[in-house]
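Thanks for sending this one over. I have put my notes on the fold into numbered points, so please read them with the model open beside you.

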Amino acid sequence: MPELPEVETIRRQLAQHLAGRTIAGARVLDPLLVDPEDPRAFEQRLAGRVVREIRRTGKYLFIEFDDGEALALHLRMTGQLLWTPGEPDAPTPYARAVLGMDDGSVVTFADPRRFGRAWFLPAGRSARRRAWGARTGVDAMSSGFTARRLGASLDGRTAAIKALILDQRIVAGVGNIYADEALFRARVHPRRPGGSLTQAEVRRLHRAIRDRLRMGISVGGASFDRYRDAHGGRGGMQDLFLVHRRQGEPCPRCRTTIEKGVVAQRGTYWCPRCQPQEVQVQAAC
Ligand SMILES: [Zn+2]
């Protein structure tokens with residue numbers, strides 16, 4: 001599933017191609033993509049729109065139009081946004097929608113598992129906020145995501161720390177890959193109750209989340225599965241995983257064998273020595 005670095009990679013590529021361009025025409029091939037909207041009405045609403053910029057919050061992309069409205073896109077499990085300078089030579093497998101731009105270039109939304117979604121967002125700050133609701137909290141790469149804010153969100157929580165940092169309302173953009181990698185870097189076991197982290201651990205985790213996401217962006221995301229960027233290219237982060245998908249291999253820090261289990265219903269990887277589950281608590285005398 002594309003996480004923040006993968007979606008940010010696509011955002012940067014699409015921004016180069018689409019900013020200032022007009023949508024000449026749109027085709028919705030799979031009505032489920034725009035459900036409950038009528039596909040034909042959706043196509044008419046898109047035609048003639050001028051793209052101002054492409055924005056991102058967490059794992060969501062927004063094609064912002066010059067009249068203030070936006071097209072929101074969520075790639076979910078297997079969604080891809082592919083840009084081609086003209087009509088693709090061969091039909092794109094699993095294409096669900098196509099945008100034709102005024103320069104002849106084409107953006108195709110492809111998605112084999114069909115969990116991805118597209119919908120309109122209204123103009124105006126308060127209307128936008130109402131329409132968006134509580135889908136996401138603060139973006140993990142924004143200045144608003146601070147160690148203090150993370151600590152406040154974890155305070156008193158008994159849920160596993162991994163489940164909490166996967167919660168998009170606590171921090172938007174972190175998914176299964178970058179959660180494992182950040183928890184390893186912070187030396188925090190994924191099953192630790194969120195509220196049990198010390199201030200120093202919260203600071204380490206905050207730093208580790210930013211560090212791993214920044215690394216992911218710098219190499220164009222992770223492509224061990226279906227993820228491809230807007231040019232159909234692969235990212236390089238899968239070659240830099242520290243623990244994720246490395247069960248049975250030696251820990252890069254201490255050489256202990258990396259373990260795998262299920263935390264927050266997700267396959268989870270950690271080093272049992274660097275990330276102890278039972279934390280030594282000083283007994284009060
Ligand atoms: Zn280790």
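The points below go through the sheets, the hairpins and the helix packing.

1. **Ground rules.** Please keep in mind that this is a predicted model, in which local features need pLDDT of at least 70, side-chain atom pairs count only at pLDDT 80 or more, and totals for chains, interfaces and linings use all residues. Residues are numbered from 1 along each chain as its sequence is written. Helices (H or I, at least four residues) and strands (E, at least two) are DSSP runs, numbered from the N terminus.

2. An open, antiparallel sheet is formed by four strands in the order 2-3-4-8; two strands are said to pair if DSSP finds at least two bridges between them. Strand 2 (51–57) and strand 8 (117–121) are at the edges with a single partner strand each, so one side of each has no neighbour in the sheet. On average, neighbouring strands of this sheet are turned by 20° against each other, direction ignored. Strand 4 (residues 70–74) pairs with strand 8 over five bridges, in the antiparallel sense, and here A70 stands opposite L121.

3. Helix 1 (residues 4–18) lies across strand 2 and strand 3 (60–65) and runs at about 175° to strand 2. For this and the angles below, axes are lines fitted to C-alpha atoms, for helices over the stretch in contact, and angles run from 0 to 180 degrees between N-to-C directions.

4. **Strands 1, 6 and 7.** Strand 1 (residues 23–28) runs antiparallel to strand 6 (residues 95–101), and five bridges join them; I23 has M101 as its bridge partner. Strand 6 also pairs with strand 7 (residues 106–110), again antiparallel and over five bridges, with L99 partnered by V107. Four residues separate strand 6 from strand 7 in their hairpin, and G104 in the turn has a positive phi of about 90°.

5. Which residue takes a positive phi in the hairpin of strand 9 and strand 10? That is A264, with phi near 55°, in a hairpin that has two residues between the strands. Strand 9 (residues 259–263) and strand 10 (residues 266–270) run antiparallel and are joined by five bridges, with G261 opposite T268.

6. **Helix 6 on helix 7.** Helix 6 (residues 176–186) packs on helix 7 (residues 199–218) at about 130°, with the axes 8 Å apart. The two are therefore oblique to each other (under 35 degrees counts as roughly parallel, over 145 as roughly antiparallel, 65 to 115 as roughly perpendicular and the rest as oblique). The residues of the contact (C-beta atoms, placed from the backbone, within 7 Å) include Y178 and R185 from helix 6, and L205 and R212 from helix 7. These contact residues divide into seven nonpolar, one polar and six charged.

7. **Helix 4 on helix 7.** Helix 4 (residues 147–154) packs on helix 7 at about 120°, with the axes 9 Å apart. Here too the pair is oblique, because of that angle. A147, L150, G151 and L154 of helix 4 meet Q199, V202, R203, L205 and H206 of helix 7.

8. How many of the eight residues of helix 3 (residues 125–132) are buried? The count is zero, where buried means that 20 or more other C-beta atoms, placed from the backbone, lie within 10 Å of the residue's own. G133 follows helix 3 and has a positive phi, near 65°.

Definitions and conventions. Buried ≥ 20, exposed ≤ 12 C-beta atoms within 10 Å, placed from the backbone. Contact = placed C-beta atoms within 7 Å. Nonpolar A, V, L, I, M, F, W, Y, C, P; charged D, E, K, R; others polar.
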